[in-house]
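Q: I'd like a close look at one helix in this model. Could you walk me through its geometry, its burial and the way it packs?

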Amino acid sequence: MFKLADRLNQLPPYLFAELDKMKQQAKAKGVDIIDLGVGDPDLPTPKPIIERLYQAAKAAENHRYPSYTGMLQFRTAAADWCERRFGIRLNPQTEVLSLIGSKEGIAHIPLAFVNPVDVVLAPNPGYPVYHASTVLAGGEIYSMPLLRENGYLPDFSAIDERILKRAKLMFLNYPNNPTAAVADEQFFKAAILLAHKYNIIICHDAAYSEIAYDGYKVPSILQYDGAKEVAVEFHSLSKTFNMTGWRIGFVVGNKEVISGLGQVKTNVDSGIFQAVQYAGIEALSNQATAVEESIAIYQKRRDVLVDGLQKLGIKLEKPQAAFYVWFEVPEGYDSTGFTAHLLKEAGIMTTPGVGFGEYGEGYVRMTLTVDVDRLHEAVGRLETVLK
Ligand SMILES: *Cc1c(COP(=O)(O)O)cnc(C)c1O
C-alpha cells in the first residue's frame with residue numbers, strides 16, 4: 001500500500017541482514033554453527049570502561065541532551081589519543097567531531113558534500129555503507145577495484161580524468177575490510193596528491209587502525225604532508241575496545257569537512273549519551289594495555305585459521321591487520337555458492353566476497369571473532385568438506 005521511495009529501491013539488500021536469515025534458518029534446523037561471518041568482536045568490553053559508564057549513568061547532569069559536537073572533554077581525549085598514537089596535532093574544537101559510531105559519520109558525510117552531478121570514488125570490494133550513503137545522497141558511485149595483484153590498493157592511474165574531475169569525495173579504508181590489506185606511506189601520499197590536484201575530499205575509514213599483528217603499527221593518513229587540507233579520518237571505538245554495541249566513534253582532520261558533517265548531524269541527531277562519552281574517555285585515555293591483550297588473542301586465532309587453511313591447500317598470506325581472512329574460493333564455486341556449501345555441509349558461516357561488491361566475487365571472508373578451540377573445530381570441518 002505504501003510504496004518505498006525510489007532511493008531505497010536503488011540500494012542492494014543489506015548483505016548482513018540476508019546472511020543473518022540464512023544463519024537463523026540453519027540454526028532452526030539444529031545445526032551447530034561456527035560463525036565466521038559478521039565482524040563483531042566476541043571479547044567483552046574492558047571492565048574499567050563499563051565501570052565508568054555505570055558511574056556516569058548515575059549522575060543526573062548526564063541525563064540531559066548532550067552537546068551536538070560531543071563533550072569537549074571527549075574530543076580532547078580523542079585528539080590526545082591521535083597525538084600519542086600518530087604524532088598528529090589536532091584542535092579538539094574544530095578538527096574533532098564525535099560520532100554515534102563511525103558508520104553514522106560515514107553514512108552522513110555525502111549528505112553534506114555530494115550533489116546529484118557528483119561522483120564518489122569507493123573501494124570495491126568495500127564496506128557497503130560507502131555505496132549506500134552515496135546513493136541516499138543522490139550521488140553517483142564510481143567503483144575503484146581492489147585487486148589482489150595490486151595488493152588490494154586502488155590503481156588511481158586507471159581512473160578516467162573525466163571521472164576525477166567530477167569526483168567530490170573518495171572513500172579509502174586501511175586496514176581494509178574485507179581484504180585485511182594495509183596501505184603504506186607511498187600509497188597515502190599518492191592519494192593526497194590526487195586529492196589536491198582534483199579537489200577531492202578523502203574520507204579515510206580507520207576502524208581497524210589498532211588491530212595489527214607482529215608489532216606492525218598502522219599509520220594515519222593525517223600524518224603525511226598536505227593531508228589535513230583534503231582529508232578526514234574516521235575512528236571507531238567499536239573494534240579497538242570491543243564496544244560495537246555502545247555506538248561511539250569520532251572523525252578528525254579537515255575542519256571545513258568536519259563542520260559540514262556537523263551541520264548535517266545537528267539536523268538529524270542529538271549526540272551521544274554523555275555517560276557513554278565518559279566511558280569513551282576512559283577507553284582512549286587508559287586502556288592501551290587492554291587493546292594489546294585483544295590483539296594477542298586475535299593473533300593466535302589468525303595463526304590457527306591461516307595455518308589450517310594453508311594446510312588445506314588454500315593460497316593466502318597471514319594478514320598484518322584487521323580481524324579478517326580473505327581468500328579465493330576453490331574452483332567450481334562462486335562466492336555465494338561456496339558460502340552456502342560451507343553452511344550446509346560444515347555448519348560454518350562465512351561472508352561471500354560478492355556481498356562487498358562485484359570485485360569481491362570469487363572470494364570469501366572469514367572473521368577471527370571466535371575462540372581458538374572453535375577455529376580448530378572449523379579447520380577440522382573444512383578438512384572434511386574440502387577433501
Ligand atoms: C565495523 C566497521 C565500521 C563501523 O564501526 P562503528 O564505529 O561501529 O560504526 C566502519 N568501517 C568499517 C570498515 C568497519 O568494518
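**A closer look at helix α12**

A: Keep in mind that this is a predicted model. Let's take α12, which covers residues 335-346. With its 12 residues, the helix reaches 16 Å from its first C-alpha to its last, close to the 16 Å expected at 1.5 Å a residue. Just after α12 comes Gly347, and its phi is positive, at about 65 degrees.

Now for burial. The buried residues of α12 include Phe338, His341, Leu342 and Ala346. Ser335, Thr339 and Leu343 in this helix are buried too.

Next, the packing. Two packed helices are described by the angle between their axes and the distance between the axes. Here the partner is α13, residues 372-386. The angle between α12 and α13 is about 110 degrees, and their axes lie 10 Å apart. That angle falls in the 65 to 115 range, so α12 counts as roughly perpendicular to α13.

Who meets whom? On the α12 side, the contact involves Phe338, His341, Leu342, Glu345 and Ala346. On the α13 side, you'll find Arg381, Leu382, Val385 and Leu386. Sorted by class, this contact has six nonpolar residues, one polar and two charged.

Notes
Residues are numbered from 1 along each chain as its sequence is written. This is a predicted model: local features need pLDDT of at least 70, side-chain atom pairs count only at pLDDT 80 or more; totals for chains, interfaces and linings use all residues. Side-chain values use heavy atoms; hydrogens and water are left out. Helices (H or I, at least four residues) and strands (E, at least two) are DSSP runs, numbered from the N terminus. The expected span of a helix is 1.5 Å times one less than its number of residues. Buried means under 20% relative accessible area, exposed over 50%, partly exposed in between (1.4 Å probe, protein chains only). Axes are lines fitted to C-alpha atoms, for helices over the stretch in contact, and angles run from 0 to 180 degrees between N-to-C directions. Angles under 35 degrees count as roughly parallel, over 145 as roughly antiparallel, 65 to 115 as roughly perpendicular and the rest as oblique. Contact means heavy atoms within 4.5 Å. Ala, Val, Leu, Ile, Met, Phe, Trp, Tyr, Cys and Pro count as nonpolar, Asp, Glu, Lys and Arg as charged, and the others, Gly among them, as polar.
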